[in-house]
Amino acid sequence: FPFPYAPYPIQERFMAALYSALDAGRVGIFESPTGTGKSLSLICGALSWLRDFEEKKQQEEAQLLALEDSRQEGKKENTSAAPGCPETKDSAGEPDWITAFVQKKEERDLVDRLKEEQIRRKKREDRLEKIRHNAQLKYAAKRKRSEEDETKRLLELSKEVLSEGAGVDVVQQLDHNEEELILAEYESDEEKKVISGLEEDDDDLEEEHVTKIYYCSRTHSQLSQFVHEVQKSPFGKDTRVVSLGSRQNLCVNEEVRRLGALQLINDRCMEMQKNKHEKKSDEENEGKKRHVSRTVCPFYSYEQMQFLRDEVLVEVKDIEQLVALGRETKACPYYGSRYAIPAAQLVVLPYQMLLHEPTRSAAGIKLKDQIVIIDEAHNLIDTITCIHSAEVTGSQLCCAHSQLLQYMERYRKRLKAKNLMYIKQILYLLERFVAVLGGNVNQNPSCQAVSQTGTVLKSINDFLFQSQIDNINLFKIQRYCEKSLISRKLFGFVERYGSPATAVKTNKDNQKLAGLQNFLLTLQQGSDKEGDPPMEAENHQLRTASPLMHIEGYLSALTNAQQTRYLKGCKWGEVSQSSLKFLLLNPAVHFAKVVEECRAVIIAGGTMQPVADFREQLLSCAGVDPARIVEFSCGHVIPPENILPIILCRGPSNQQLEFTYQTRDLPQMMDETGRILCNVCNVVPGGVVCFFPSYEYEKQVYAHWEKTGLLTRLAAKKKIFQEPKKANQVEQVLVEYAKCIKRCSQAEGQMTGALLLSVVGGKMSEGINFSDDLGRCVIMVGMPYPNIKSPELQEKMTWLDKTMPRDAGQAPSRVLIENLCMKAVNQSIGRAIRHQKDFASILLLDHRYARPATFNKLPQWIRERTQVKPTFGSAFAELRKVRTRILCTD
């Protein structure tokens, strides 16, 4: 395998296993610890296979075309057919000549397709080669853009001069500005005549998709890091790579970007495209009295987006470079990158775009016979569940009802009957949803107390009957919301008239809007009572996110319901705080299509243990043949002596360590934990990271230590930091933590470093690198089992027990709880060892980790080096040995 440097043996094994899985069309679960060069192994292994596959395919095509040419030559030489051949029939009863004709026609069609594909490939390669080596083309394109901008500016200037001399009535202009808030006449799909138009022909004009690899990860920063690895790899110069992202990340139109919320950006972008397509008809009607000025995106230029597409295919670019190129070329990076998908060999995209089918289709992603690699896949099941679940609050429902009612009252005379019918149905739906939560849409939700609090889970059919909406066609309403852009119109209406600061005329129509303003004011005042942000901030929030947009997502989830989707109704205190949520219990129903269509799927991560969840809940339920599943796990590149994992069963005072819900709150357990930390901080230099099961328990233990004086003893050796709950404070805490460790290592004194108190599943347990001195010891306090009383988890457990087989005598629900716990543990303890020369100790404080079923769910490279210590003395002796070795090395 081509590699930028001499690979580790485990990297060679990883690439060989990956190549084999791709070649055989398998579904692979690949585990390679962080610091072992997983990204480069994925790149070099997968792109080596793709290169070999393309070469083999081209050789087969060349042989087939050569065979066809020789047949054609043979036909020319022997033009006379053999006379008097008796007619025979095949096994299907068809005459031989018909069977032969059909076979030859299929062969001819295949040859014709291959020839067309070769011509397209040659044209594409020639075009990209010209761009790669001819800088003059770039300058010519830039010059043409500047000339077009100048022409456009002059045209706009001349139109302004003409309009000034035409004496247009000012009042009429204001009315025209309001025209864009009116819903266009709507026809449902059943009422439309099926006609062949341009949209049907677009697919025929689309370039053929080459065999490609779709690589996806969780965050844009991880994707950018992967693209940089591709740039450094031996494949960086001759691989066509395209990075995909959301409009929020790729939009270069500042007017649209300022909207902030993703849904608003999406709607505004779609509206601008619609305006562009309708521009011609508007210009034809210019002589008419009523004319609406439509805003068109200046970056949505087909020619410039084609230029951007070619630039992307010529040189590997990450998302930041793509956005910069879009601004420079005045072309939309969002659509320009989508145009590059068919010809790309490697497509880099976030989880959500690949796993959500409507988003996948809209982006033009075709998975048939392609390769999918899902990296950082330890949370894949949770991600699929979250993507296909939706939640709306009572406050959003009431606010949307009030806004829509005021909108209908103002424009009742202007709206067509079909629009009024759908708006009334939406209003009825909102009314019934609020009634399910125990409220009334005509009252402020913040002032309505809920009589019965708690959480209720129902199947979809039960919910539809209870809310009395079973007689409404939700599919038609969801389609109407999508096609009519009603949420966008409503947002514009609220922007214009919803703010109390807006000056509204006191005519009869506008007086009706007082109700909307008063409602928004009461919402803001209600929020202020609870100590929320002041009125200005709340008003800004209302202007930047339309509640109807959230409800549209909820309706989409409702209409896309599977048997394994349930409704969760939460009623707490007030109607505004209550919510309706849909839960997906079986993520495999949405993952099945990905696995069915793709040639091969690779699920990779640094810590994939326990893999039973992926195998049973995701792959088996998706109908994947067990023979198609392959698992690969490799060790770490660090020497065995560089890691010291210890399962500690007892503390310094011989107190057994068992942090169950019943025992962990006992003072002696919290005291014993404090003594362990004091001893560890005395011998371990640099940073110590201690993980607690929850924020509440961490806060409780901290308060107890403060009360008993143990915190003062700890602070004498290590400066203590606590993980913040707010995400925007994490970076500041980490910076201070790192500064303190660096300062202590340089100045010899009593203080030896810092202690960071973190939470499992919190901000520090994933995606943060505690390499070198930042994490010389990681301590796990207890076993972070999920809250078994959670209604969502209980429903999931019930469903698993009904549908899944027992595993080694254990109920599937019990296995789920154990796996969720160990997945969280494995993520947290993997924060310390980040590269080949790193070293650290890992302390698991609970004797239950030594149970075989639990012990076997640790990552293999940690499990094979783990020591079980029944007493604290022997564990402390091992820690001192590590310290002695470090001092000797220094």
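**Before you start**

The model is predicted, so local features are described only where pLDDT is at least 70 and side-chain atom pairs only at pLDDT 80 or more, while totals for chains, interfaces and linings use all residues. Residues are numbered from 1 along each chain as its sequence is written, and side-chain values use heavy atoms, with hydrogens and water left out.

**The whole protein**

Begin with a cartoon view. The protein has 36 helices and 18 strands. Here helices (H or I, at least four residues) and strands (E, at least two) are DSSP runs, numbered from the N terminus. Of the 890 residues, 49% are buried. Buried means under 20% relative accessible area, exposed means over 50%, and partly exposed lies in between, with a 1.4 Å probe and protein chains only. Now think about contacts, meaning heavy atoms within 4.5 Å. Among contacts with a separation of 6 or more, 80% are between residues 24 or more positions apart.

**Stop 1: aromatic pairs**

How many aromatic pairs does a search of the whole structure find? There are 21. Rings of Phe, Tyr and Trp (its six-membered ring) pair if their centres lie within 6.5 Å; planes under 30 degrees apart count as stacked, over 60 as edge-to-face and the rest as tilted.

Select Phe14 and Phe30. Their ring centres are 5.4 Å apart and their planes stand at 70 degrees, so this pair is edge-to-face. Phe14 belongs to helix H1 (residues 9–24) and Phe30 to strand S1 (residues 27–31), so the pair ties together parts that are 16 residues apart in sequence. Both Phe14 and Phe30 are buried.

Next, select Tyr407 and Phe493. With ring centres 5.5 Å apart and planes at 85 degrees, this pair is edge-to-face. It links distant parts of the chain, 86 residues apart: Tyr407 is in helix H17 (residues 394–411) and Phe493 in helix H21 (residues 486–497). Tyr407 and Phe493 are both buried.

To see a cluster, pick Phe433, Phe463, Tyr554 and Phe582, which ring pairs link together.

**Stop 2: charges over rings**

A charge sits over a ring if NZ of Lys or CZ of Arg is within 6 Å of the ring centre and within 35 degrees of the ring normal. Show Arg664 and Tyr697: the charged end of Arg664 sits over the ring of Tyr697, 4.7 Å from its centre. Then show Arg776, whose charged end sits over the ring of Phe839, 3.7 Å from its centre.

**Stop 3**

You will find Lys317 in the loop between helix H11 (302–314) and helix H12 (319–329). Leaving aside residues up to four places away in sequence, Lys317 touches Val227, Gln231, Ser243, Glu311, Leu322 and Leu325.

Now move to Glu271 in helix H10 (residues 262–284). Glu271 is buried, with a relative accessible area of 11%. Not counting residues up to four places away in sequence, Glu271 touches Leu485, Arg488 and Lys489. Glu271 and Arg488 are 217 residues apart along the chain, yet their C-alpha atoms are separated by 8.7 Å.

**Stop 4**

Select helix H28 (residues 667–683) and helix H29 (residues 695–708), which pack at an angle of about 80 degrees with their axes 10 Å apart. Axes are lines fitted to C-alpha atoms, for helices over the stretch in contact, and angles run from 0 to 180 degrees between N-to-C directions. H28 and H29 are therefore roughly perpendicular to each other; angles under 35 degrees count as roughly parallel, over 145 as roughly antiparallel, 65 to 115 as roughly perpendicular and the rest as oblique. Residues making the contact include Met670 and Leu677 of H28 and Tyr697 and Trp705 of H29.

**Stop 5: backbone details**

Most residues other than glycine have a negative phi, and most peptide bonds are trans. The peptide bond from Gln609 to Pro610 is cis, with omega near -10 degrees. Pro610 is in the loop between strand S10 (600–605) and helix H27 (612–620).

Finish at Gln468, which is not a glycine but has a positive phi of about 60 degrees. Gln468 sits in the loop between helix H19 (460–466) and helix H20 (474–484), and at 44% relative accessibility it counts as partly exposed.
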